[in-house]
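Morning, everyone. I have one structure to show you today. Let's bring it up.

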Amino acid sequence: MHESEPVDVTEARARGFRRYVEPEIEVLLRVASTLTGLSEAEDLVQETLVADIADLTSTRPTFVAATRKGTS
């Protein structure tokens, strides 16, 4: 048996972001602009994505994690 390659968590998260989030940014901006107006939409999306990325690196439970746990 050979040892598996170590996983670069940062790179894996970056790949996940590029694959799943980047394609949806335009949709997020459209939805945010209907909620806040065009001038605030970019800030709202940026703040949301920064908070989500911070949650990915955190070991503390989050509302989203708790919600998912309750629905499975």
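Start with the surface. V27, V31 and L35 form a nonpolar patch there. Together these residues have about 270 Å² of accessible area. Keep in mind that this is a predicted model.

Where is L35 found? In helix α2, which covers residues 25-36. Is L35 buried or exposed? L35 has a relative accessible area of 64%. The cut-off for exposed is over 50%, so L35 counts as exposed.

Next topic: charges. How many salt bridges does the structure hold? Two.

Here is one of them. R15 forms a salt bridge with E11. The closest N and O atoms are 3.9 Å apart. The cut-off is within 4 Å, so that pair counts. Now look at where R15 and E11 sit. Both are in helix α1, residues 9-21. They are four residues apart, so about one helical turn separates them.

Then there is R18. Its side chain meets that of E11 in a salt bridge, at 3.1 Å from N to O.

R15 has 47% relative accessibility, so R15 is partly exposed. R18 has 40%, so R18 is partly exposed too. E11 has 33%, and that makes E11 partly exposed as well.

Conventions:
Residues numbered from 1 in each chain as written. Predicted model: local features only at pLDDT ≥ 70, side-chain atom pairs only at ≥ 80, totals over all residues. Heavy atoms only, no water. Helix = DSSP H or I, 4+ residues; strand = E, 2+ residues; numbered from the N terminus. Buried < 20%, exposed > 50% of the residue type's maximum accessible area, 1.4 Å probe, protein only. Patch = residues over 30% accessible without salt bridge, like charges linked within 9 Å, V, L, I, M, F, W, Y side chains within 5 Å. Areas by Shrake-Rupley, 256 points an atom, 1.4 Å probe, with all protein chains shown as cover.
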